[in-house]
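Keep the sequence and the 3D view side by side. We will walk from loops to strands, then to rings and cores.

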Amino acid sequence: MTLLVGSLISALAAMVSRELLLSHRRTVDALNQLSTAADDLAIAAAVFEGTVQGVVISNPEGLVLSLNQSFTQLTGYTNIDLRGKSLRILRSGKHDLSFYEQLWEELRQEGSWHREIWNRCKDGTVRLHDVSITTVTDKQLRPLHFVAMYQDITARYTEQQAILHQATHDALTGLANRTLLVDRLEQALAMAQRYGYMVGLMFMDLNGFKADNDSFGHDVGDKLLIAVSRRLEAFLRKTDTICRQGGDEFILMLPQAPDFETLMALAQRIQ
């Protein structure tokens with residue numbers, strides 16, 4: 001009898017030990033999983049705050065849940081400013097309503113969106129941002145969050161525009177150069193052919209300019225050319241093009257021009 005009781009106690013002890021060992025293993029595994037999850041969260045948080053791109057996380061309704069410090073540096077808006085609010089506050093007025101409607105439609109259809117967009121910062125300045133938005137979904141592919149990443153490309157855009165302006169405009173007067181004139185003339189002629197418009201061209205130079213330029217110097221001559229350019233701009237419409245093709249020679253191009261007699265009267269007023 002004593003031997004039987006001892007065997008039962010030994011078996012029970014073995015079972016308890018085995019259960020304790022399994023429980024311990026499960027606990028260790030759970031702790032390891034929690035530790036891994038915590039590490040993943042820590043890494044994600046470090047990336048979120050450390051990236052140079054502005055990052056905004058919003059809910060399926062487009063309301064801000066969180067944003068990082070880089071976004072604050074780009075726009076001036078903080079978590080306190082925007083949490084629970086819509087990013088419509090960034091709208092600059094440079095894009096119409098259809099632009100934003102297309103944004104949301106593309107997000108719904110494709111799950112992502114990437115464009116350049118003008119945004120108004122907290123201080124009122126308007127900056128050009130390269131924006132990419134990605135949809136985070138659940139297992140049923142329902143949207144859980146939107147993650148938007150912002151990069152300020154205003155300086156790059158300004159530099160590109162300056163290079164383009166130099167390539168298409170006269171350095172002294174700021175008027176169109178011959179390259180831009182030809183491009184606009186081709187467009188004007190195409191429109192004229194399609195809709196029956198007229199296109200007016202006027203060629204002019206400044207009588208006596210060389211003598212004045214030689215007598216008073218090139219600085220005075222340059223000032224005279226600039227002054228003439230501003231006077232010509234005052235005579236013409238914004239849709240017209242004034243080209244300085246070199247020296248004291250100018251070409252005036254008028255798309256959708258009036259009749260010949262009206263053009264002659266305009267030429268006389270310019271003289």
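Q256 sits in the loop between β8 and α9, the helix of residues 260-270. The model is a predicted one. In it, Q256 has a positive phi of about 50°, although Q256 is not a glycine. Is Q256 buried, exposed or partly exposed? Its relative accessible area is 48%, and Q256 is partly exposed.

L141 is another residue to look at for its backbone. Its phi is near 65°, again a positive value in a residue other than glycine. L141 belongs to the loop between β4 and β5. With a relative accessibility of 68%, L141 counts as exposed.

Now go to the strands β7 and β8. Strand β7 covers residues 241-246, and strand β8 covers residues 249-254. The two pair in the antiparallel sense, over 5 bridges. Their hairpin has 2 residues between the strands. There, G247 takes a positive phi near 55°. Pick out C243 as well: its bridge partner in β8 is I251. C243 has 0% relative accessibility and counts as buried. C121 is buried too, with a relative accessible area of 6%. How many disulfides does a search of the whole structure find? The search finds 0.

Next come the aromatic rings. Across the whole structure, a search finds 6 aromatic pairs. Take W104 and F146, one of these pairs. Their ring centres are 5.4 Å apart and their planes stand at 80°, so the pair is edge-to-face. Planes over 60 degrees apart count as edge-to-face. W104 lies in helix α4 (residues 97-110), while F146 lies in strand β5 (residues 143-152). The pair therefore ties together parts that are 42 residues apart in sequence. W104 is partly exposed, at 31% relative accessible area. F146 is buried, at 8%.

Turn to W118 and Y157. Here the ring centres are 5.2 Å apart and the planes are at 85°, so this pair is edge-to-face. W118 is in strand β3 (residues 112-120) and Y157 is in helix α5 (residues 154-168), so the pair links parts 39 residues apart in sequence. Which side of the cut-off does W118 fall on? Buried means under 20% relative accessible area. W118 has 19% relative accessibility, so W118 counts as buried. Y157, at 29%, is partly exposed.

The charged end of K94 sits over the ring of W118, 5.2 Å from its centre. R91 lies over the face of Y100, at 3.9 Å from the ring centre. Y100 also forms one aromatic cluster with F99 and W113.

That brings us to the cores. In soluble globular proteins, nonpolar side chains tend to be buried together. The largest nonpolar core here has 19 residues. Which of them touch the most other members? They are F71, W113, I133 and Y150. The elements that give two or more residues to this core are β2 (64-67), α2 (69-75), α4, β3, β4 (126-137) and β5. Helix α4 gives the most, with 4 residues.

Zoom in on I133. Leaving out residues up to four places away in sequence, I133 touches L103, L107, G111, S112, W113, F146, V147 and A148. Finally, find the second, separate core. This core has 16 residues, including L175, L232, L263 and I270.

Terms used:
Residues are numbered from 1 along each chain as its sequence is written. This is a predicted model: local features need pLDDT of at least 70, side-chain atom pairs count only at pLDDT 80 or more; totals for chains, interfaces and linings use all residues. Side-chain values use heavy atoms; hydrogens and water are left out. Rings of Phe, Tyr and Trp (its six-membered ring) pair if their centres lie within 6.5 Å; planes under 30 degrees apart count as stacked, over 60 as edge-to-face and the rest as tilted. Buried means under 20% relative accessible area, exposed over 50%, partly exposed in between (1.4 Å probe, protein chains only). A charge sits over a ring if NZ of Lys or CZ of Arg is within 6 Å of the ring centre and within 35 degrees of the ring normal. A disulfide is a pair of cysteine sulfur atoms within 2.5 Å. Two strands pair if DSSP finds at least two bridges between them. A nonpolar core is a set of buried Ala, Val, Leu, Ile, Met, Phe, Trp, Tyr and Cys residues joined through side-chain atoms within 4.5 Å. Contact means heavy atoms within 4.5 Å.
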